[in-house]
Protein chains: 2
Amino acid sequence: MNRTYKQIQQITLAVDCIIFGFDTDQLEVLLVHRGFEPEKERWSLMGGFVRNEEDLDEAANRVLRNLSGLNNVYMEQVRTFGKANRDPYERVVSTTYSALILKKDYKAEFIKEYRAEWFPIHDLPDLIFDHKDMVVSALQRLQRRVRSVPIGFNLLPGKFTLPQLQKLYEGILGEKIDKRNFRKKLGTMDFLVRLDEKDRSQSKKGAFLYRFDKKKYNKAKSFSI
Amino acid sequence: MNRTYKQIQQITLAVDCIIFGFDTDQLEVLLVHRGFEPEKERWSLMGGFVRNEEDLDEAANRVLRNLSGLNNVYMEQVRTFGKANRDPYERVVSTTYSALILKKDYKAEFIKEYRAEWFPIHDLPDLIFDHKDMVVSALQRLQRRVRSVPIGFNLLPGKFTLPQLQKLYEGILGEKIDKRNFRKKLGTMDFLVRLDEKDRSQSKKGAFLYRFDKKKYNKAKSFSI
DNA sequence: AAAATGAGTGTACTACATACACTTAATAAT
DNA sequence: ATTATTAAGTGTATGTAGTACACTCATTTT
């Protein structure tokens, strides 16, 4: 392979994070407001440049940690955007990563510091460069993935109710789910164990609490909503 | 965003191509033999560095064209490999692209020039760096994708028989498919039109020829094997 | 005692995946 | 001419998973 390119290549490598947030109903995306030129007053994803000694995955985690205070959040690479003119000011290739968090875990102090804001996924402001495409591809991937891997449970407390779980899936998928069919499917998953406790905060009758049994799940590793 | 990284970032950006080939039965991968140090005598994917003015996708197509003579081949980005030490000699981040071609379209002159060779997907030699992981992820993606998008038809001539089509899918998926069930599914797809001709090269009886009607497919755009 | 609220439950129907074996058309061999 | 050979072509029964749909239950409030 030709090593001489190394000297003449001048492409900056960045990461951009699509941070999806959920609290009780709909899915939102965290964007930061640019208070400076170029592209002042527009919105963008949280991003940063990759350091020489750091893994690409690490770079994404660092960006998220620095700009949000969030640590140990599970992130997944989505895809790499590499059009030569995607950033009209300089040549930057950017790899996107997506994360899914609870909105309340994102602290207000960061909102202030970075002029960040949550936007409903179907009501986004104008975004710089190709960041809109980035959000779209990350959302598609998340919606596919959430159906076959139990990532949703990370957003719930250790003990949660089935109505809570259903609202979570409805929020992520952006569609209503039939209660009985949803429960029928979950009923076949033995890693979802019902406790002898109820949560009475949402109703008079109270809803049974469940927990996600990681060990049991790791044995079968099959999940489908 | 901090532009100063640009000056100090020294990461080379590369593309690596996973070229899957098929002729009549099994799926193979095209590898090139390294006749030089470092990593002499080992095998690697076809790769190259991204040029300053070129799209990432273009870079992948250029690499494929230069090393194989193949033009206008449909390639898809798979994922980006960015571990800091994945290449122990220098920091290189590599985006992988996958293509699916007919083995016979890859000309012998290139085999000689680049010491390239086809290997069955489940009988690969020792590969440099993380190229084995690259092949694995590209294969997984191809096998998922070939079930929901009619990419297989690109490998067949304009007129083809159902036994041919079935062998193609069996080769890509690496499993036998029941003839009747396969045909039952295809029977529901009206973009697959039977001609009044037969191909008698494989049997005395002859198999009806079909063609893929792109216009009809584009209307419905639903495909599932 | 009645009303209100959200939790919880079952069944019938439809669509899709799977398993499985013989007949047909044409040629080649005797 | 008869028979053997080869790959192409065809249908049915069974199981499994998805979907649509409406009432009862437990508890609190009025």
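The exercises below, each with a worked solution, concern a predicted model.

**Exercise 1.** Determine how the two protein chains A and B are related by rotation and shift.

*Solution.* Begin with the general idea that two copies of a chain are related by a rotation about an axis and a shift along it. Here a rotation of 180 degrees, with 0.0 Å of shift along its axis, places chain B on chain A with an RMSD of 0.0 Å. That is the relation of a two-fold axis. The two copies use the same surface, since 100% of the contact residues of chain B recur in chain A. To find where chain B approaches the axis, look at Arg79(B), whose C-alpha lies 3.0 Å from the rotation axis and comes closest of the residues of chain B.

**Exercise 2.** Describe how chain A is divided into domains, and how those domains meet.

*Solution.* Start with the bounds: domain 1 of chain A covers 5–148, and domain 2 covers 153–219. Next, take the centres of the two domains over C-alpha atoms, which gives a separation of 30 Å. Finally, turn to the contact between them, to which domain 1 of chain A gives 12 residues and domain 2 of chain A gives 8 residues.

**Exercise 3.** Work out the strand order of the open sheet in chain B, and identify which strands stand at its edges.

*Solution.* The sheet has 3 strands in the order 8-10-9, and their pairing is antiparallel. Strand 8 (160–161) and strand 9 (192–199) of chain B each have a single partner strand and stand at the edges, so one side of each is left without a neighbour in the sheet. On the level of residues, Arg194(B) stands opposite Tyr210(B) in strand 10 of chain B.

**Exercise 4.** Characterise the protein surface near DNA strand C, and list polar side-chain approaches to its bases.

*Solution.* First sort the residues by class, which gives 3 nonpolar, 4 polar and 13 charged residues. Of the 20 residues around DNA strand C, those that come nearest include Lys179(A), Arg183(A) and Lys184(B). Then consider the base atoms: an N or O atom in the side chain of Lys205(A) is 3.1 Å from a base nitrogen, a polar side-chain atom of Asp178(B) lies 3.3 Å from a base nitrogen, and an N or O atom in the side chain of Lys205(B) is 2.9 Å from a base oxygen. The elements that give two or more residues to this surface are helix 6 (179–187) and strand 10 (207–212) of chain A, together with helix 6 (179–187) of chain B.

Conventions:
Residues are numbered from 1 along each chain as its sequence is written. Chains are lettered from A and ligands numbered from 1 in the order in which they are written. This is a predicted model: local features need pLDDT of at least 70, side-chain atom pairs count only at pLDDT 80 or more; totals for chains, interfaces and linings use all residues. Side-chain values use heavy atoms; hydrogens and water are left out. Two strands pair if DSSP finds at least two bridges between them. Helices (H or I, at least four residues) and strands (E, at least two) are DSSP runs, numbered from the N terminus. Copies are superposed by least squares on the C-alpha atoms of residues with pLDDT of at least 70 in both. Contact means heavy atoms within 4.5 Å. A residue is near a molecule or strand if one of its heavy atoms lies within 4 Å of it. A polar contact is a pair of N or O atoms within 3.5 Å; within protein, one must be able to donate a hydrogen and the other to accept it, and residues adjacent in sequence count only if both atoms are side-chain atoms. Ala, Val, Leu, Ile, Met, Phe, Trp, Tyr, Cys and Pro count as nonpolar, Asp, Glu, Lys and Arg as charged, and the others, Gly among them, as polar. Domain bounds come from an automatic or database domain assignment.
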